[in-house]
Amino acid sequence: MGIRSKSAVVVVLAALALTTTACDDEKKDGGKAAAPVAPAATAAATAEDTPSAPPAKVTPAIFLEKVTEKTGAAKSAKIDESITIGATTIKGKGAASWAHGLQADITMDVSGSPLAKTLEPVTGGPSVHYLYTDIGMYMKLGPDASAELGGHRWLRYTKEDLAKATGAQTTQFTSMDPVQGVRALIAGGKVTEVGQDTVNGKAATHYTGELDLADMIKVTGSSVTQEQIEKIKQGLTANGVTHETLDVWVDADMLVVKRVEQADTKAGALNVTVGYSDYGTPVLAAEPYDYVDMRELQKHSEGATAS
């Protein structure tokens with residue numbers, strides 16, 4: 001992998017960082033699980049002075065608030081996601097934890113993307129192994145790239161680096177957090193209950209809502225500065241994103257089992273579908289010690305280009 005390839009890595013990772021966004025930002029709180037098949041039946045809200053009155057039906061937003069608590073308490077789950085932008089599709093499998101900030105261990109299959117050939121010299125094949133931690137994102141290097149980079153097995157992309165590469169849209173970290181989709185629906189103020197459905201052979205309740213640009217900015221999280229918010233807004237606008245449709249499915253245990261985000265972008269239609277299962281699964285995403293920083297690679301490439 002020569003200097004030219006190293007320079008390409010910067011571009012490729014920036015593209016992957018943007019592609020793997022689940023269009024969320026850094027939200028580190030836990031969420032709650034989704035509603036049982038018939039949320040109205042579980043809402044028993046009768047007045048104390050009129051015990052014979054029929055139970056009041058809670059609104060989807062109120063019910064989903066409780067769902068965030070239940071899902072948040074579950075702390076982790078296995079992840080199965082598919083990300084499509086235009087004709088490009090990337091798939092991922094692994095596990096994520098949102099107990100103390102988002103942590104994840106996931107392998108992305110980029111064989112359905114034009115990035116596959118560009119990445120192969122770096123990763124050694126069409127699969128990319130990622131670790132997401134409090135520090136940032138680590139990508140596992142293939143044998144050839146590792147040998148050329150002094151034996152380091154991982155390439156680190158800090159959250160600051162990711163923010164710069166994607167116009168401050170560091171939301172890719174929470175794309176895997178099931179709580180964030182529910183919170184986004186609530187924040188949009190337009191959530192509705194679609195009805196009953198089946199996900200992975202189990203009954204689930206389907207909720208949907210549409211978020212405009214202001215709604216998407218609203219759910220970026222309290223840790224984001226006003227300057228970063230403006231950059232996020234500029235990034236969304238530059239990519240032609242004005243609104244998105246968000247859907248979540250909740251099972252009888254009030255756990256989110258599926259989430260779908262759809263939007264139109266200048267690169268084509270965006271569809272992010274994430275499935276959640278095996279809540280409480282252990283997630284091992286420790287910081288690797290044998291890594292090289294992306295910014296070091298960038299400096300090396302820029303210096304070589306200038307000389």
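Val257 sits in strand S10, where strands are DSSP runs of E with at least two residues, helices are runs of H or I with at least four, and both are numbered from the N terminus. This is a predicted model, in which local features need pLDDT of at least 70 and side-chain atom pairs count only at pLDDT 80 or more, while totals for chains, interfaces and linings use all residues. Residues are numbered from 1 along each chain as its sequence is written, and side-chain values use heavy atoms, with hydrogens and water left out.

With a relative accessible area of 11%, Val257 is buried (buried means under 20% relative accessible area, exposed over 50%, partly exposed in between, with a 1.4 Å probe and protein chains only). Setting aside neighbours within four places in sequence, Val257 is in contact with Val199, Ala204, Trp249, Val250, Asp251, Val274, Gly275 and Tyr276; contact here means heavy atoms within 4.5 Å. Val199 is 58 residues away from Val257 in sequence, yet their C-alpha atoms are 7.2 Å apart in space.

Trp249, one of those contacts of Val257, also has a charge over its ring: the charged end of Lys258 sits 4.6 Å from the ring centre. The test for that is NZ of Lys or CZ of Arg within 6 Å of the ring centre and within 35 degrees of the ring normal.

## Two loops with positive phi

Most residues other than glycine have a negative phi. Met254 has a positive one, near 65 degrees, and belongs to the loop between strand S9 (243-251) and strand S10 (256-265). Met254 counts as buried, at 19% relative accessibility.

Asn200 has a positive phi too, near 55 degrees. The loop between strand S7 (192-199) and strand S8 (202-212) is where Asn200 is found, and at 66% relative accessibility Asn200 counts as exposed.

## Aromatic pairs

Searching the whole structure turns up three aromatic pairs. Rings of Phe, Tyr and Trp (its six-membered ring) pair if their centres lie within 6.5 Å; planes under 30 degrees apart are stacked, over 60 edge-to-face, and the rest tilted. One of the pairs is Tyr130 with Tyr132: their ring centres are 6.1 Å apart and their planes lie at 35 degrees, so this pair is tilted. Tyr130 is buried at 1% relative accessible area, and Tyr132 is buried at 2%.

Another pair is Tyr138 with Tyr291, with ring centres 5.6 Å apart and planes at 75 degrees, so this one is edge-to-face. Tyr138 is in strand S5 (residues 136-140) and Tyr291 in strand S12 (residues 291-293), so the pair ties together parts 153 residues apart in sequence. Tyr138 is buried at 1% relative accessible area, whereas Tyr291 counts as partly exposed at 26%.

## Helices H2 and H6

Helix H2 (residues 60-74) packs with helix H6 (residues 178-188) at an angle of about 165 degrees, their axes 9 Å apart. Axes are lines fitted to C-alpha atoms, for helices over the stretch in contact, and angles run from 0 to 180 degrees between N-to-C directions. H2 and H6 are therefore roughly antiparallel (over 145 degrees; under 35 is roughly parallel, 65 to 115 roughly perpendicular and the rest oblique).

On the H2 side, the contact is made by Ala61, Leu64, Glu65, Val67, Thr68, Thr71 and Gly72; H6 brings Pro178, Val179, Val182, Arg183, Leu185 and Ile186.

## The chain overall

The protein chain has nine helices and twelve strands. Of its 307 residues, 49% count as buried. Among contacts between residues at least 6 apart in sequence, 67% join residues at least 24 apart.
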